Amino acid sequence: MQLTRRDFLRASLATAGTIVAANAPFKAFAAQESGKKRWFKGNLHMHNQWSDGNAMPEFQIDWYKSHGYNFVCPSDHNTFQAENLRFKSFGSNPKITPEISKAFEGETSLWKPMSCEAVTNKLTQEFVKEAQDRFGEDSVQMREVGGLTFVRMKTFDELAEQFEESEEFLMIPGFEQTGGVVDKRAVHMNFIGVRKTFPFPKNYEDPIALMSDTYDQGAELYDGINYLFTANHPLWRFYDWNPSALIQNAKVRVFELSNNGIHADFKQHPDGWKPEQFWDVVNAWRASHDQQLLLAMGSDDRHNYATPPKAWTRVRAEKLDQDSLINAIMAGDMYCSNGLDFEDVNFDGKTLEVKIDVQEEGDYRIEFYGTKKDYDPTCKTFETQEVKGVSPHRVVETYSDQIGVLLDKIEGVEGSYTLKSDDLYVRAKIVKAEDDGNQDWRSKPAAWTQPYRS
Ligand SMILES: [Zn+2]
Ligand SMILES: [Zn+2]
């Protein structure tokens, strides 16, 4: 099957509704402006026992704080860690008898039963003990009722009270809107900066309309709140949605370039898009249609805290508070990393200048990527066959190699690129010099600036 980009979009644009440019315009930031700002390290996508992460909430938050992070959003699946009493959580739905209801009268928060024959979930003795070892035996409230051991989860506000520290560590409320379209392709989106959840829309046949409606429902519900919407892990479980979803949803400003839970087998499908190319496909389209560019975030989406995080985001802001961070993110004053850091990133409207923050001796390379105005926008698709237990059947988009080309590279720790008249945009990526330069998002360690255009 082959169709041009125009053909491909024509039919669906008719049903996808009006494309609206949302939020602040993409702004360049000047060098002198960044003087009093700091780079704050954070992660806005993670899970704990409130949903299906294996760490107790306090163990999770403490992990980030004690590992040099400045801000986090414990974005549990379809849940905000609020005060109201409940027993049910993602993956855990115990039978609540009148005896249990009575025993917890007047209580608050989520009381999750420990995993046993009657209840299977991720809350085991091991994770309770992990928190007790760190914070003391009495730090975890537990109660035996009706043959079950219930464990109380700390609420968002209790965690904020315990861990927040002015200008050092901030907690941002939010949740991951988790669900899928009718054929089970997963469409997950984070709402960051909000406390109220709403039901995941059902019965959609494609991710594009589902994402658009979820975005719109959020915009209505959170009117007046400065919050962030992110489109999560398109590659998970296996090419679950394609670049066209973010071409048709131009209102979505941020996606996850790097996320822990990625399983697609690039070797098996060398023609399938990779996350960096996904990003360039969307931005080539947006830049050539004068829409706001797609920004990239690094998230670890961690469920298992025994393994190290694989990605994070640094945001440059004057103050460590929710508004300053969200404003900086929406202005593109952030970068995505899986191991390297920028000391400085500046764009004056024409020239992108970057400087690597060298923390480990070695040789480094700066790579500038972009797309030329006369690029070939053709979209082709291919189908993958279902491999039982490994990967499902998918329709995967593929695009021209003219999208996301290497514009220049500099061996060293400082460099710049000035936009040429035929460039749509430019972005920089930094890697160790031994990296073969052709690994897309799997380059490690690496860091990625946002895309910039005149
Ligand atoms: Zn997810
Ligand atoms: Zn997640």
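1. Basis of the note. This is a predicted model, in which local features need pLDDT of at least 70 and side-chain atom pairs count only at pLDDT 80 or more, while totals for chains, interfaces and linings use all residues. Residues are numbered from 1 along each chain as its sequence is written, and chains are lettered from A and ligands numbered from 1 in the order in which they are written.

2. The chain overall. The protein chain holds 9 helices and 23 strands, where helices (H or I, at least four residues) and strands (E, at least two) are DSSP runs numbered from the N terminus. Of its 454 residues, 44% count as buried; a residue is buried if 20 or more other C-beta atoms lie within 10 Å of its own, exposed if 12 or fewer, and partly exposed in between, with C-beta atoms placed from the backbone. Among the contacts in the protein chain with a separation of 6 or more, 72% are between residues 24 or more positions apart, two residues being in contact if their C-beta atoms, placed from the backbone, lie within 7 Å.

3. Helix H2 against helix H4. The axes of H2 (residues 57-66) and H4 (residues 125-135) come within 8 Å and cross at roughly 60°; axes are lines fitted to C-alpha atoms, for helices over the stretch in contact, and angles run from 0 to 180 degrees between N-to-C directions. The two helices H2 and H4 are therefore oblique to each other, since angles under 35 degrees count as roughly parallel, over 145 as roughly antiparallel, 65 to 115 as roughly perpendicular and the rest as oblique. Their crossing is left-handed, a term used if the near helix is turned anticlockwise from the far one by less than a right angle, with right-handed used if clockwise. On the H2 side the contact is made by Glu58, Phe59 and Asp62, and on the H4 side by Glu130, Ala131, Arg134 and Phe135. By class this contact has 3 nonpolar, no polar and 4 charged residues, with Ala, Val, Leu, Ile, Met, Phe, Trp, Tyr, Cys and Pro counted as nonpolar, Asp, Glu, Lys and Arg as charged, and the others, Gly among them, as polar.

4. Helix H2 against helix H5. The axes of H2 and H5 (residues 156-163) come within 11 Å and cross at roughly 40°, and this crossing is right-handed. Pro57, Glu58, Ile61, Asp62 and Lys65 of H2 meet Leu159, Gln162 and Phe163 of H5, a set that divides into 4 nonpolar, 1 polar and 3 charged residues.

5. Helix H8. The 14 residues of H8 (residues 275-288) should span 20 Å at 1.5 Å a residue, and the end C-alpha atoms are 20 Å apart, which agrees; the expected span is 1.5 Å times one less than the number of residues. H8 is mostly covered, with 12 of its 14 residues buried, including Phe278, Trp279, Val281 and Trp285. What covers these buried residues includes H7 and strands E11 (254-258), E12, E17 (364-372), E19 (394-399) and E22 (423-432). H8 is followed by aspartate 290, whose phi is positive, near 55°.

6. Backbone angles to check. Most residues other than glycine have a negative phi, and most peptide bonds are trans. Lysine 184, in the loop between strands E8 (174-177) and E9 (189-192), has a positive phi of about 75°, and with 10 C-beta neighbours inside 10 Å it counts as exposed. Aspartate 301, in the loop between strands E12 (295-298) and E13 (312-317), has a positive phi of about 45°, but with 26 C-beta neighbours inside 10 Å it counts as buried. A cis peptide bond, with omega about -5°, joins tryptophan 236 and arginine 237; arginine 237 lies in the loop between strand E10 (228-231) and helix H7 (243-248).

7. Two strand residues. Lysine 41, in strand E2 (residues 38-43), counts as partly exposed with 17 C-beta neighbours inside 10 Å. The C-alpha atoms of lysine 41 and tyrosine 69 are separated by 5.0 Å, although these residues are 28 residues apart along the chain. Leaving aside neighbours within four places in sequence, lysine 41 is in contact with Gly68, Tyr69, Asn70, Trp312 and Arg314. Arginine 316, in strand E13, counts as buried with 23 C-beta neighbours inside 10 Å, and its C-alpha atom is 8.8 Å from that of tyrosine 335, 19 residues apart in sequence.
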